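Please read the following briefing alongside the sequence and the coordinates, taking each topic in turn.

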Amino acid sequence: MAMVSMLISLPTLTTPNSCRVNRYWQAPKRSSAMALASANTEIATTGVKFAEGEEKLPKVVLTSAGGSEADIYLFGGCITSWKVPSGRDLLFVRPDAVFNKKKPISGGVPHCFPQFGPGAIQQHGFARNLDWSVIDSENVQGDPAITLELKDGEYSRSMWDFSFQALYKVTLQTKSLSTELVIKNTDSKPFSFSTALHTYFRASAQGASVKGLKGCKTLNKDPDPKNPLEGKEERDGVTFPGFVDCVYLEAPNELHLDNGLGDIISIKNTNWTDAVLWNPYLTMEACYKDFVCVENAKIGNVQLEPGHTWTATQHLSIN
């Protein structure tokens, strides 16, 4: 196992995120410059390397022995690409995404932490607005893995005054991509949070469907996101015929996404108790036809005592 340790500078953010309407965004204060990972940084782990991404942002590229590949940007700890051995990328990054740290990366698998959606702090929290550090890498029988870390700092404490550690392990196999998120309370007082993985899947939205949600209690944010309609999902397969923004409470630990492009993606999880389906339809006319979001989430607040941890896993796979 190879240990990797780096110091990462905090970003300077100046504009709101366009993924969803956001009036809660605020920019962090500029920090002193620190060394960023570069394309020349070496990691002595097979299948794990640093590379220069869009706008020269550092990213980690995982390559499995079976020929699959994944890209993870340190900014936001965001997985932006998951290519299976055929070369098909099963994730989607929006064409309006920017890679200049002025807003979170719009696509892939963004983090929502310590808040999902609007609330007391900025929309979807701050984890997707900050640089994460690489603290570990390994390769087990041809399957590479990387562990990223995010800790509290001046920017996070300006809106959420708690000490925490977030560890995010990403493991790539030939036909699967797995993540483990561990949140630890390193403060002397308890805190609560909500969180989600806002996963964008490449899809033909009109042909896509999700199975496994029948019987779940729903909170439908269409037409009024501030007053969601309570209901119950009656369909075997949930489709995306128009604007979709719906929370599924106490969702099962496995869903199946037919992306309408010939792939059936299994979405398994532990401890992500809820699910969210989203497609912006005509509010994002340039690309709504090309993706759907199927998000593992923890909508209700997690109460975490000092020294305690909360762990959730996601396992994406194809046959």
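Strand β17 (residues 254-258) has a covered face made of L255 and L257, while E254, H256 and D258 make up the uncovered one; strands here are DSSP runs of E with at least two residues, numbered from the N terminus. This is a predicted model, in which local features need pLDDT of at least 70 and side-chain atom pairs count only at pLDDT 80 or more, whereas totals for chains, interfaces and linings use all residues. Residues are numbered from 1 along each chain as its sequence is written, and side-chain values use heavy atoms, with hydrogens and water left out.

- Strand β12 (residues 209-211) pairs with β17 in the antiparallel sense over three bridges, where pairing requires that DSSP finds at least two bridges between two strands.
- On the other pairing of β17, strand β18 (residues 264-270) is joined in the antiparallel sense over five bridges.
- H256 in β17 stands opposite K211, and H256 also has S266 in β18 as a bridge partner.
- The hairpin formed by β17 and β18 has five residues between the strands, and G260 in the turn has a positive phi of about 75 degrees.

**Hairpin β6–β7**

- Strand β6 (residues 133-140) and strand β7 (residues 143-151) pair in the antiparallel sense over seven bridges, with S137 having I146 in β7 as its bridge partner.
- Two residues lie between β6 and β7 in this hairpin, and Q141 in the turn has a positive phi of about 55 degrees.

- Beyond its neighbours within four places in sequence, I146 is in contact (heavy atoms within 4.5 Å) with residues including V60, I72, V134, S137 and Y168.

**D71**

- D71 lies in strand β3 (residues 69-73), and D71 counts as buried because its relative accessibility is 11%, buried meaning under 20% relative accessible area (1.4 Å probe, protein chains only).
- The side chain of D71 makes a polar contact with the side chain of K59 at 2.9 Å, a polar contact being a pair of N or O atoms within 3.5 Å, of which, within protein, one must be able to donate a hydrogen and the other to accept it, and residues adjacent in sequence count only if both atoms are side-chain atoms.

**Confidence**

- The protein averages a pLDDT of 89, and 87% of the residues score at least 70, pLDDT being the predictor's confidence in each residue, from 0 to 100.

How values were computed: Helices (H or I, at least four residues) and strands (E, at least two) are DSSP runs, numbered from the N terminus. Buried means under 20% relative accessible area, exposed over 50%, partly exposed in between (1.4 Å probe, protein chains only).
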